[in-house]
Amino acid sequence: MNDCDKRDGAPREGEPILTCDNVSIRYITGDFKEIGIKEYVMRKLTRNYHVKEFWADRHVTFTINRGDMLGIIGTNGAGKSTLLKAVSGIMVPTEGAVVCRGKIAALLELGSGFDGDMTVKENTYLRGAMLGYTKKFMDDTYDDIIAFAELTEFQDRPFKQLSSGMKSRLAFSIASLVNPDILILDEVLSVGDGAFRKKSEEKMRSIINGGATTILVSHSIPQVRSMCNKILWLDHGRQVTFGDDVNGICDLYEKYLADKVLPEIPAGGVV
């Protein structure tokens with residue numbers, strides 16, 4: 001669980017819990033890996049070294065309040081996961097600013113942060129420590145975490161013996177059975193079988209009803225329609241629209257998936 005780069009304490013009445021202000025994120029690539037350090041120095045001296053810029057996100061602006069559930073939609077390469085890394089503090093925006101007021105728990109890469117040779121129980125405590133939870137807290141919640149992940153019979157097995165679905169369920173369970181101010185989920189509600197997906201959605205609704213703010217990246221438009229009250233649409237790093245007309249924006253997005261033509265949306269949103 002992480003603080004954002006700029007955290008001003010709990011939001012006051014009517015104050016956003018998260019603000020992205022003109023956020024742009026740039027990757028710079030070159031041919032260093034292919035040519036080696038000697039050739040790199042020579043090319044730098046002769047000004048023959050080429051650098052490429054790639055903007056993963058460009059001028060993204062939105063605000064959400066405590067209790068909101070924001071759905072982020074867009075095709076592959078839209079910049080969704082990169083934006084989440086900036087929000088969670090993993091990356092610093094090249095331009096613009098991210099301001100949040102509260103603790104963040106982020107599930108971005110469910111398989112990361114675990115040791116394959118350690119047991120499921122040991123990995124549960126390890127992930128908890130990485131998220132900033134105390135040992136007492138983990139002692140008190142461990143049984144609930146394992147039960148929710150449906151791994152009671154596997155807790156003494158090496159983590160590497162679990163299926164990818166089991167690993168994802170454990171990571172989801174560890175993050176969701178706590179009380180973050182902001183919970184970030186990148187395609188994690190699609191893990192497991194149908195029964196677990198239903199259970200995870202129900203858990204998310206209970207977290208939302210408890211006042212937490214949630215950001216969900218999902219390719220499941222029905223899931224976004226049913227769970228989110230705000231929506232952000234990205235396309236090739238650009239913000240298409242942001243607003244609270246979730247169904248209207250989802251309708252336009254599904255039409256775009258069919259005809260591949262981006263709609264012209266007024267500044268005020270969907271009309």
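**Aromatic rings and their neighbours**

Tyr253 and Tyr256 sit three residues apart, about one turn, in helix α8 (residues 246-259); helices here are DSSP runs of H or I with at least four residues, numbered from the N terminus. This is a predicted model, with local features needing pLDDT of at least 70, side-chain atom pairs counting only at pLDDT 80 or more, and totals for chains, interfaces and linings using all residues. Residues are numbered from 1 along each chain as its sequence is written, and side-chain values use heavy atoms, leaving out hydrogens and water.

**Ring pairs**
- A search of the whole structure turns up 11 aromatic pairs (Phe, Tyr or Trp rings, using the six-membered ring of Trp, with centres within 6.5 Å; planes under 30 degrees apart are stacked, over 60 edge-to-face, the rest tilted).
- Tyr133 and Phe137 make a tilted pair, because their ring centres are 5.3 Å apart and their planes meet at 55°.
- Tyr253 and Tyr256 are also a tilted pair, at 6.4 Å centre to centre and 35° between planes.
- Both Tyr253 and Tyr256 are buried, meaning under 20% relative accessible area, with over 50% exposed and anything in between partly exposed (1.4 Å probe, protein chains only).

**Around Phe148**
- Phe148 belongs to helix α4 (residues 135-148) and is buried, at 13% relative accessibility.
- Phe148, Phe172 and Phe196 form one aromatic cluster.
- Beyond its neighbours within four places in sequence, Phe148 has contacts (heavy atoms within 4.5 Å) that include Ser173, Leu177 and Lys203.

**Charges over rings**
- Arg58 lies over the face of Trp55, 3.7 Å from the ring centre; the cut-offs are Lys NZ or Arg CZ within 6 Å of the centre and within 35 degrees of the ring normal.
- Lys121 lies over the face of Tyr142, at 5.3 Å from the ring centre.

Conventions: Helices (H or I, at least four residues) and strands (E, at least two) are DSSP runs, numbered from the N terminus.
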